[in-house]
Each structure stands twice: as structure tokens, then as C-alpha cells.
Amino acid sequence: MSMLELTGVTKKFGGIVACKDISFSVAPGQVAGLIGPNGAGKTTVFNLITGVYAPTAGSITFADQDITAIRPDKVVAHGIARTFQNIRLFRNLTVLDNVRIAVDKEVDYALGEALVRSPRVKNLEQEICALAMERLEEVGLADKADVRADSLPYGLQRKLEIARALALRPRLLLLDEPAAGMNPEESLELAGLVRTLHARHDLTILLIEHHMDVVMELCERIFVLDFGVKLAEGTAEEIQTNPDVLRAYLGEG
Ligand code: ATP
């Protein structure tokens, strides 16, 4: 059984074929990686899974439900959360508020969106804050709760994005270049954090990453895209020795 399955997914933007007949499947609880050169179609795959775009052809299932062309506002309710290549925080809000908003949204789904906040749940705001603080503690940002999000260094903003995504209580977490802009030491620390969060929250993770040390460290299965086509898939060992990958992705051979 698979948690996420893409079958023959194609996405065209006019004459550009961003993804062509891509099929892969991620097992429940797996950490999988999506790699490939710039413009290979990786972010487009995330955008297709999260309903930003509808595929031109093919289908996507999540936990055995067809989510092909899901509405973006329904993604969280299905249990999918993501981070973005270009960090998307509420820059002028505090670190805590950035996560609080996400907890708030998740609570709305959990309670049922029809339920307006009532005196029955008068402690809700405190609970939401406490939950948001828990997520911040997990990524090591609790002491920064009251500072503005845009005052954080870039690497910490990436961690804040992860905390916010986690606050949505996803079953599937999509991480788009979580280690971008980090030096090798920081990126390995980030890999350790992702590993801890994966175990603690019982997550399935699909991550896009250019830092190969992070990919090789974390991913049980790796999918390689090139020019919108799936070039290879396999374990880190298999990918590292695959001649097609070496030729196309690493520019060798
Ligand atoms: P990078 O590593 O640089 O982020 P990527 O593998 O994530 O690259 P995509 O961003 O998915 O690649 O882009 C794949 C192709 O699709 C590129 O040629 C890109 O220009 C094109 N593309 C993506 N989104 C759109 C869009 N909305 N309209 C037109 N073309 C697009």
C-alpha cells in the first residue's frame, strides 16, 4: 500500500512540458526524496500534489483517496502540509503568530468548520498558543517566539516554516528545499531535525533538496527527475551508481 501515488502525471504549461508521464509511489512512513537539476519539474510535482495546478493527464492518490486536481484549500484537511522553496511567512507577524495561525486552522478542521468559537471552548486560545509553542520548541525556536518572523536569519525562517507546516498535523509533509542556503554543517543539523520530527510525528515525508548529503542521509527512496521525466528511482546507493543519473544529473560520463 502506498501513502502517495502518482500515476502517469503530465503537466503542460502551453508548449512547456514541466512533467511528463511521471509515476512514483511513497510508502506510509517513508522519507522519500525528489531530486534533479534546475527546471526538472520538482516544484511542479509539489504544486500538482497540493492542487495548485491540475495535471494535464494522470492521477494522484493520497491514502487511497483520489486527490487529482484537489482544491488547494482542501489539502490541509486531507492531511498534507508543505513548505515552499521561496519562504512564505507572514513577515511582519511574530514567530509565534506564524505558527499559531496554522494551529488555529487545524483546530477549525478538527472541530468542524461550522463551529464558531464559543464560550464552551474559552480556553481554546490558550491551548492554541501552547500547541504553537510546542512546535516552536521542537525546531529550537521557542526563545524567538516574540520576535518578528523577518528578523530571523534565513536558516531559522526555514525551520519556522517547518514548525508551521507541522502545526497543521499532516500525515504527509512536503519539504521544498529545506536546507537551501545552509552551509554543510547547518544542512546536516537540519537533516537530524527532520529525522527527529519524522519519528515523533509519524510522518511520511517527500522532500526536494539540492544538498545531496541531506538527501542521502535522510531518504530511503529517491526519485530523479530530468527535463520533466522520471529518470530513475531507487535507494541512495542505487541512485549514486546509476549511469543515467551520473550522466544527466551530475554531468558525468
Ligand atoms: P528548481 O530546482 O529550479 O526549483 P524544479 O525542478 O522545481 O526547478 P519547476 O519549477 O517544477 O522545476 O519547473 C519545471 C519547468 O516548468 C520549468 O521549465 C519551468 O519554467 C516550467 N514552469 C513551472 N511552472 C510554470 C508556470 N506556472 N508557467 C509556465 N511554466 C512553468
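The shell around the ligand divides into five nonpolar, seven polar and two charged residues; here Ala, Val, Leu, Ile, Met, Phe, Trp, Tyr, Cys and Pro count as nonpolar, Asp, Glu, Lys and Arg as charged, and the others, Gly among them, as polar. The model is predicted, so that local features need pLDDT of at least 70 and side-chain atom pairs count only at pLDDT 80 or more, whereas totals for chains, interfaces and linings use all residues. Residues are numbered from 1 along each chain as its sequence is written, and side-chain values use heavy atoms, with hydrogens and water left out.

In total, 14 residues surround the ligand, and the closest are Gly39, Gly41, Lys42, Thr43 and Thr44; a residue is near the ligand if one of its heavy atoms lies within 4 Å of it. Helix α1, residues 42–49, gives the most to this shell, with three residues. Helices (H or I, at least four residues) and strands (E, at least two) are DSSP runs, numbered from the N terminus.

A polar side-chain atom of Lys42 is 2.7 Å from a ligand oxygen atom, and one of Gln85 lies 2.9 Å from an oxygen atom of the ligand. The side chain of Tyr53 places an N or O atom 2.9 Å from a nitrogen atom of the ligand. Of the 630 Å² of accessible area that the ligand has on its own, the protein covers 67%; the areas come from the Shrake-Rupley method with a 1.4 Å probe, and for residues only the protein chains shown count as cover.

Tyr154 is found in helix α5 and is partly exposed, with a relative accessible area of 41%. Buried means under 20% relative accessible area, exposed over 50%, and partly exposed in between (1.4 Å probe, protein chains only). The side chains of Tyr154 and Arg158 are joined by a polar contact of 3.0 Å. Such a contact is a pair of N or O atoms within 3.5 Å; within protein, one must be able to donate a hydrogen and the other to accept it, and residues adjacent in sequence count only if both atoms are side-chain atoms. Lys159 also has its place in helix α5, residues 154–166. Lys159 counts as buried because its relative accessibility is 11%, and its contacts, not counting residues up to four places away in sequence, are Val139, Leu141, Glu189, Leu190 and Leu193.

Elsewhere, strands β9 (residues 221–226) and β10 (residues 229–234) pair in the antiparallel sense over five bridges; two strands pair if DSSP finds at least two bridges between them. Ile222 has Gly234 as its bridge partner in β10. Two residues lie between the strands of this hairpin, where Phe227 takes a positive phi near 50°. Ile239, in helix α8 (residues 236–241), touches residues including Ile222 and Gly234. Ile239 counts as buried because its relative accessibility is 3%.

A further sheet, open and of four strands, has the order β2-β1-β4-β5 with antiparallel pairing. Strands β2 (16–26) and β5 (65–66) stand at the edges, each with a single partner strand, so one side of each is left without a neighbour in the sheet. Strands β1 (residues 4–13) and β4 (residues 57–62) pair in the antiparallel sense over five bridges, and Leu4 has Phe62 as its bridge partner in β4.

Methods. Contact means heavy atoms within 4.5 Å.
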